[in-house]
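User: Got the coordinates open. Can you walk me through them? Let's start with a loop residue.

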Amino acid sequence: AGVLYVVATPIGNLADMVPRAVEILQSVALIAAEDTRHSARLLSHFSISTPCIAYHDHSDSERTEKILDRVAAGESVALISDAGTPLVSDPGYRLVRSARERGLDVVPVPGACAMVAALSASGLPSDRFSFEGFPPPKVNARRQWLEALAAESRTLIFYEAPHRVLACLEAMAEVMGGDREAVIARELTKTFETIRLAPLAELVEFVRADSNQQRGEIVLMVAGASTRSDSTLDAEAERVMGILLEELP
Ligand code: SAM
């Protein structure tokens with residue numbers, strides 16, 4: 001049997017294309033792309049003339065199985081999305097899941113991923129984090145969804161559409177508090193790359209004051225809830241410390 005390759009592509013800067021991705025996209029029998037017209041530019045830039053078909057998670061299961069039939073018959077297929085790593089807020093889950101269920105080899109070809117790039121340069125704790133994808137667009141749904149995340153102690157990472165970024169930051173400041181540190185990472189790897197770390201209340205003002213901050217591609221990150229500011233925990237720690245100090249010789 002062939003292999004289903006899951007291939008990352010750049011998130012803006014074409015120089016981030018990894019050499020192995022180029023080799024594999026040139027050598028496979030078929031490229032399954034989220035949007036064939038969108039990917040045409042990337043493929044021509046790297047002189048890749050492999051046939052392309054459209055694949056997204058709404059594709060019917062017949063299309064999924066047809067692609068995998070070709071892998072089973074010995075051809076290799078590469079899955080790409082419009083930008084970055086497939087399956088990360090992008091299509092591909094059903095294809096990869098079905099491939100595994102059929103016992104076919106699935107091989108990742110890692111490269112750019114906006115949320116990892118954003119986190120790596122954010123200055124927020126990166127030892128533990130939770131990627132939450134796109135917040136719900138509607139006001140009430142978003143608020144409830146943020147409330148459910150407010151006590152999370154891991155760094156939170158979101159993708160957000162530019163026309164919703166201000167409303168989203170305002171909701172975050174309301175629900176999580178204006179003092180909570182957050183980062184907006186915009187246009188990563190591109191000409192107008194901007195990364196700003198500040199308390200949520202300040203980020204709201206920054207984005208409100210400069211409409212350029214409401215353009216392009218955006219990753220938002222929010223520091224996890226700090227357990228140290230929990231006053232009941234502090235009181236308990238003090239009580240235990242008092243007992244221990246009394247016991248010391
Ligand atoms: N699969 C992609 C990845 O690996 O990051 C993400 C696909 S998702 C449909 C697109 C979203 O990713 C954008 O709305 C934005 O939130 C984020 N994104 C993609 N490229 C970006 C960039 N260059 N700078 C900042 N955010 C980016």
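Analyst: Take asparagine 13. Apart from neighbours within four places in sequence, asparagine 13 is in contact with Thr189 and Lys190. Bear in mind that this is a predicted model.

User: Where is asparagine 13 placed?

Analyst: In the loop between E1 and H1.

User: Does asparagine 13 count as buried, exposed or partly exposed?

Analyst: Partly exposed, because asparagine 13 has 13 C-beta neighbours inside 10 Å. The cut-off for buried is 20 or more.

User: How far apart are asparagine 13 and valine 88 in space?

Analyst: 18 Å, C-alpha to C-alpha. In sequence, asparagine 13 and valine 88 are 75 residues apart.

User: OK, sheet next. What is the strand order in the open sheet?

Analyst: E3-E2-E4-E1-E5, 5 strands with parallel pairing.

User: Which strands stand at the edges?

Analyst: Strand E3 (52–54) and strand E5 (105–109). Each has a single partner strand, so one side of each has no neighbour in the sheet. Neighbouring strands are turned by 25° against each other on average, direction ignored.

User: How many bridges does E3 make with E2?

Analyst: 3 bridges, in the parallel sense, with E2 covering residues 30–33. One detail: alanine 33 has alanine 54 in E3 as its bridge partner.

User: Which strands does helix H1 touch?

Analyst: Helix H1 (residues 19–27) packs on the sheet against strand E1 (3–7), E2, strand E4 (77–80) and E5. The direction of H1 makes about 140° with that of E1. Helix H3 (residues 61–72) also packs on the sheet, touching E1, E2 and E4. For H3, the angle of about 140° is with the direction of E4.

User: Switching to the ligand. Which residues are closest?

Analyst: Gly84, Ala114, Tyr159, Leu188 and Glu217. In total, 23 residues surround the ligand.

User: Which elements give two or more residues to that shell?

Analyst: Helix H5 (114–120), strand E7 (155–160), strand E8 (181–186) and strand E10 (218–222).

User: You mentioned E7. How many of its residues are buried?

Analyst: 5 of the 6, so E7 is mostly covered. E7 runs parallel to strand E6 (residues 129–131), joined by 3 bridges. Within that pairing, phenylalanine 131 stands opposite isoleucine 157 in E7.

User: What follows E6? Say, where is proline 135?

Analyst: Proline 135 is in the loop between E6 and helix H6 (139–149). Proline 135 counts as buried, because 22 C-beta neighbours lie inside 10 Å.

User: What does proline 135 touch?

Analyst: Arg142, Trp145, Phe158, Glu160 and Cys168, not counting residues up to four places away in sequence.

User: Last topic, the largest nonpolar core. Which members touch the most others?

Analyst: Val7, Ala78, Leu79, Ala118, Met172 and Met221, out of 62 residues. Helix H7 (residues 165–176) gives the largest share of this core, 7 residues. In general, nonpolar side chains tend to be buried together in soluble globular proteins.

User: And what does methionine 172 touch?

Analyst: Leu146, Ala182, Leu200 and Val222, leaving out residues up to four places away in sequence.

Definitions and conventions
Residues are numbered from 1 along each chain as its sequence is written. This is a predicted model: local features need pLDDT of at least 70, side-chain atom pairs count only at pLDDT 80 or more; totals for chains, interfaces and linings use all residues. Two strands pair if DSSP finds at least two bridges between them. Helices (H or I, at least four residues) and strands (E, at least two) are DSSP runs, numbered from the N terminus. Axes are lines fitted to C-alpha atoms, for helices over the stretch in contact, and angles run from 0 to 180 degrees between N-to-C directions. Two residues are in contact if their C-beta atoms, placed from the backbone, lie within 7 Å. A residue is near a molecule or strand if its C-beta atom, placed from the backbone, lies within 6 Å of it. A nonpolar core is a set of buried Ala, Val, Leu, Ile, Met, Phe, Trp, Tyr and Cys residues joined through C-beta atoms within 7 Å. A residue is buried if 20 or more other C-beta atoms lie within 10 Å of its own, exposed if 12 or fewer, and partly exposed in between; C-beta atoms are placed from the backbone.
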